[in-house]
Structures are given as structure tokens and as C-alpha cells.
Amino acid sequence: MEKIIVEGGNKLNGEVNISLAKNSVLPIIVASILSPNDIIINNAPILEDVVVLSDLLTGMDCEIKNDSNGNLKINTSNIKESNMNSELIRKMRASFLIMGPMLSRFGKCKISMPGGCNIGSRPIDLHLKGFKLLGAEIEIGHGFVEAKAKKLKGNRIYLDFPSVGATENLLMASVLAEGTTIIENAAEEPEIWDLANFLNSMGAKVTGAGVGKITIEGVDSLKGISYTPIYDRVEAGTFMVAAAITNSKITINGANEEQLRPTIEKLKECGVKFENIKENVMLVDGTGTKNSVDIKTLPYPGFPTDMQAQMMTLLAVTKGSSIITETVFENRFMHVAELVRMGANIKIDGRTAIIEGVESLTGCEVKATDLRAGAAMILAGLVAQGKTEISDLYHIDRGYVDIEEKFRGLGANIYRVDK
Ligand code: EPZ
């Protein structure tokens with residue numbers, strides 16, 4: 001079984017190059033179903049989730065290949081709905097995003113219900129409510145959901161919760177629908193803006209993405225393009241916390257200040273200093289004294305749930321009491337037990353964690369319990385006394401490219417073993 005080993009105590013220095021955003025690349029790959037023409041995604045990060053989605057579409061007779069420059073070339077002109085691999089769908093929840101484009105292109109789509117995961121039940125009721133409003137008939141049974149619609153018709157859709165996935169699925173379903181669609185209380189994450197920007201580059205007519213009310217004028221077809229997604233703000237945020245927890249100063253290439261505002265402001269409150277050296281390049285100075293802070297995760301532009309575990313690790317070794325409230329997912333504190341094994345003093349009360357900072361953590365065997373919790377274990381290992389062994393690495397590999405190489409490049413004593 002593969003493990004990541006971290007020997008604690010090293011300071012970090014130098015610079016790290018951030019990959020392009022996993023949570024942009026996945027919906028953009030799925031959106032390529034909307035056009036029969038060549039789509040090129042530049043510098044696509046070759047993550048486990050990208051491989052799973054590529055295998056799923058390849059199994060449906062799409063052409064997907066990486067060229068020698070790391071660009072992903074896609075052509076879905078021969079896509080067949082029939083050979084959708086349910087195993088792969090269940091393996092990665094984001095594959096449910098295929099429903100919108102398939103429904104739009106073929107007028108029908110039958111897909112296995114996506115499983116839940118460690119962090120929550122991950123329902124799809126908002127996705128299905130929106131498809132019905134666009135004129136689809138929905139049938140659920142035997143572990144499958146089937147949607148049918150001769151031609152989707154634009155409509156006004158209000159999302160009870162600004163769900164990222166539901167916003168993306170309905171956005172993709174609307175771009176070729178008849179008439180106008182308005183999605184209200186839509187998610188405002190930068191990845192939503194990126195998907196809309198990609199669709200508009202293909203000839204779609206989407207306005208308002210990123211500000212909560214999205215208007216889509218249906219068009220007849222979409223052309224092929226080459227596109228470069230935004231940087232991964234969660235990976236960048238993870239390295240910002242790494243600088244803070246090791247009291248180091250590092251440069252991050254691929255940090256968009258606007259998109260990282262919620263994380264930067266919270267880290268400033270903790271005592272971290274930032275300098276925007278030039279566009280998308282930030283100097284992060286984590287050498288000062290740290291303060292305990294309170295955090296409540298919220299949909300963007302609130303503090304991101306995907307940075308919650310990383311911040312908790314920093315606060316676990318920051319003098320004073322901190323409170324973290326997780327409002328987005330119902331079970332995203334699995335990393336608390338792992339941190340407590342390392343000596344952290346954290347108590348959970350429902351969706352709230354109370355953290356009393358301790359002098360130091362001690363290295364031991366821990367598990368990655370979800371993608372971002374896995375990254376948090378690396379952060380804890382960087383400052384723990386002795387050796388930390390992290391298992392269940394498939395969680396980490398789903399969302400981070402070459403994470404140990406990136407940390408090693410900054411001076412961390414970290415390596416992967418197979419034992
Ligand atoms: C996306 O998941 C991200 N994944 C998640 O990133 C991220 O944590 C999440 O958005 C929130 O920002 C991808 O983009 C691939 P949601 P998604 O729909 O779309 C409820 C990571 O670490 N909900 O916004 O599944 C749901 O239960 C991953 O990179 C409904 O109730 O998130 C949850 O409580 C983890 N009904 C909340 O909304 C629905 O129909 C947020 O879910 C849909 C969602």
C-alpha cells in the first residue's frame with residue numbers, strides 16, 4: 001500500500017507552481033460533450049479524477065488524449081450514450097455532471113445514482129428539480145436516474161442552496177435549450193465563472209456567472225476551441241497554510257488574489273502577510289506570530305469548505321481557542337480524529353469544532369479521510385515531531401498533482417513509499 005512519509009521540522013523556502021483547477025477542468029471536460037468539434041484544454045492537470053472522467057468518456061467512444069505538451073485533446077462527435085460505465089460513475093461523483101450535456105445533446109440520459117462519500121450524502125435533488133423545470137421527465141429506480149426531453153426549454157430556476165454541481169449541470173443543460181433560462185441563487189465559485197467563460201468561448205450566451213443570477217440565451221450549436229482554465233485556488237490555499245504552519249516565507253506561482261480573497265483574509269487575521277508580486281504570483285510570509293481565529297465555511301464568496309481541514313491543522317498548533325463551523329457539508333470533520341491522534345486538542349459539537357492550540361504535534365500513522373483532509377495530514381506532518389505516515393493516498397491523488405514533489409521542492413522532508 002502506498003504511503004506518504006513526512007519528517008517534521010523543516011522550514012520551507014523558494015517557490016511552488018500551482019496546477020490548473022481540478023474543479024474547473026472536470027466540468028469543462030464534461031461540457032465538451034455539447035460540441036462535436038475538437039476541444040483542447042491547455043495544461044490540464046493529470047489527476048486521478050481527470051483520468052476516471054477520461055476513461056468514462058473514452059468508454060463512450062469519445063476521443064480523449066494527452067498531447068506531448070500536456071494538453072488534453074477531446075472530440076465527442078461519436079459519443080454513444082449506451083456504453084456509460086456505471087462503475088466509473090459511482091467512483092467519482094462529479095461524473096453526474098454528464099447528465100446536463102447528454103440530456104441537451106441526445107434528449108435523454110440514464111445514469112447510475114452517484115454515491116455519497118465520506119463528507120456527506122451528496123444529494124442531487126437540486127439538479128433534478130432544475131432538469132424538470134427545463135422540461136425533462138425524470139424517472140428514478142433500481143439505482144438509476146433517467147431524464148428525457150425532446151428539446152429542453154428555457155425556464156426560471158431558483159436553487160434552494162447555491163449548489164456548485166447543480167449550477168454547472170443546469171448551466172450546461174441550458175446553453176442549447178430553446179429560449180432563455182435564468183438560474184437564481186446560483187453558486188458563485190470562480191469555477192462557475194470559468195465554465196461559463198469556456199461555454200461563451202464556444203459561442204454560448206451566458207451572462208451573470210459568478211454573481212448569483214445567471215442568464216442563458218439558448219443557441220443552436222457550439223464550436224470547438226482551445227481553452228486554459230483558472231489556477232487551483234484550493235491547492236494555492238493549501239500551500240499558503242503550509243507557509244503559515246512552518247513559519248516560512250514562500251512564493252506561489254498561480255495564486256489569483258481575487259479568487260483566494262476569503263482564504264487570504266482569514267490567514268491575514270491569523271497573522272500571515274501577503275505581497276502580490278505580479279499577476280497570479282504571491283509572496284506569502286508566514287514567519288510572524290499566529291493568532292487563533294474563528295471560521296465559518298460558506299458558499300463562495302464565504303470561506304471555502306475545501307480549505308477547512310487545512311486551516312484546522314494550522315489552528316491546532318496556534319496558541320489560543322478557535323472555533324470552526326462547517327455549514328456546507330454534514331460530515332466534514334473526519335480529519336479531527338486523525339489530528340487528535342497526533343496530539344491536537346479538538347472537540348466536535350455537531351457542525352462545530354472547538355480547537356485549543358497545542359505546543360506541538362507528534363508524528364504517527366494517520367489516514368487521508370477525504371481529498372482535503374489528506375492535504376491537511378501533510379501539513380500536520382510538516383510540523384509534527386518525528387515521522388508521520390499517511391495512508392489512503394487515493395483521496396489525495398484525486399485532487400493534487402505531484403503533491404510530495406511540490407512540497408519537496410520547497411524543502412520539506414517528504415517522500416512516497418510503497419509498503
Ligand atoms: C463541489 O462539489 C466541489 N467538487 C467540492 O470540492 C466542493 O467542496 C463543493 O462544490 C462546495 O464548494 C467539484 O467541483 C468536483 P455542492 P458539489 O453541490 O458540486 C448540497 C473538493 O475537495 N446539495 O455545492 O458536490 C450538498 O448536500 C471537492 O475538491 C443539495 O442539497 O457541491 C452539500 O451539502 C469536495 N442538493 C452542499 O449542497 C443538491 O442537489 C454543497 O454541495 C446538490 C447539493
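**Entry 1: the largest cavity**

I started with the lining of the largest cavity, which takes at least three residues from each of domain 1 (3-19 + 231-417) and domain 2 (22-227). The domain bounds come from an automatic or database domain assignment. I noted that this is a predicted model, where local features need pLDDT of at least 70 and side-chain atom pairs count only at pLDDT 80 or more, while totals for chains, interfaces and linings use all residues. Residues are numbered from 1 along each chain as its sequence is written, and side-chain values use heavy atoms, with hydrogens and water left out.

Then I looked up what counts as a cavity: on a 1 Å grid over the protein atoms alone, it is a set of points where a 1.4 Å probe fits but cannot get out, and lining residues have an atom within 4 Å of a point. The largest cavity has a volume of about 50 Å³, a volume being the space filled by probe spheres set on the points, with grid points joined across faces, edges and corners.

Which residues line the largest cavity? I wrote down Ala-21, Lys-22, Asn-23, Glu-191, Asp-232, Arg-233, Val-234 and Arg-372. Helix 1 (22-31) and helix 8 (233-245) are the elements that give two or more residues to this lining. Helices here are DSSP runs of H or I with at least four residues, strands are runs of E with at least two, and the numbering goes from the N terminus.

By class I got 5 charged, 2 nonpolar and 1 polar residues in the lining of the largest cavity. The sorting puts Ala, Val, Leu, Ile, Met, Phe, Trp, Tyr, Cys and Pro under nonpolar, Asp, Glu, Lys and Arg under charged, and the others, Gly among them, under polar.

**Entry 2: the two domains**

I checked how the domains sit. Their centres, taken over C-alpha atoms, are 30 Å apart. Across the boundary, 24 residues of domain 1 are in contact with 18 residues of domain 2, contact meaning heavy atoms within 4.5 Å.

**Entry 3: the other cavity and a pocket**

How many cavities of 30 Å³ or more does the structure hold? I found 2. The second largest cavity has a volume of about 40 Å³. Arg-233 and Val-234 turn up in its lining, along with Gln-259, Leu-260, Pro-262, Thr-263, Tyr-300, Pro-304 and Met-307. Helix 8 and helix 9 (261-270) each supply at least two of the residues. This lining splits into 6 nonpolar, 2 polar and 1 charged.

I also looked at the second largest pocket, a pocket being an open set of points with protein on both sides within 12 Å along at least five of seven lines. Its volume is about 320 Å³. It has 15 lining residues, and Asn-247, Val-317, Thr-318, Val-358 and Glu-359 lie nearest its centre.

Asn-247 got a second look. Its phi is near 55°, a positive value in a residue other than glycine. Most residues other than glycine have a negative phi, and most peptide bonds are trans. Asn-247 sits in the loop between helix 8 and strand 14.

Next I followed helix 8 to what it covers: it lies across strand 2, strand 14, strand 15 and strand 16, and runs at about 170° to strand 14. For such angles, axes are lines fitted to C-alpha atoms, for helices over the stretch in contact, and angles run from 0 to 180 degrees between N-to-C directions.

These strands make an open sheet in the order 2-14-16-15, with mixed pairing. Two strands pair if DSSP finds at least two bridges between them.

Strand 2 runs parallel to strand 14 (residues 249-253), joined by 3 bridges, and Asn-17 has Asn-253 as its bridge partner. Strand 15 (residues 273-278) and strand 16 (residues 281-285) are antiparallel, with 5 bridges. They form a hairpin with 2 residues between them, and Asn-280 in the turn has a positive phi of about 65°.

**Entry 4: a cis bond**

Last, I came back to Tyr-300 from the second cavity's lining. The peptide bond from Tyr-300 to Pro-301 is cis, with omega near 10°. Pro-301 is in the loop between strand 17 and helix 10 (308-316).
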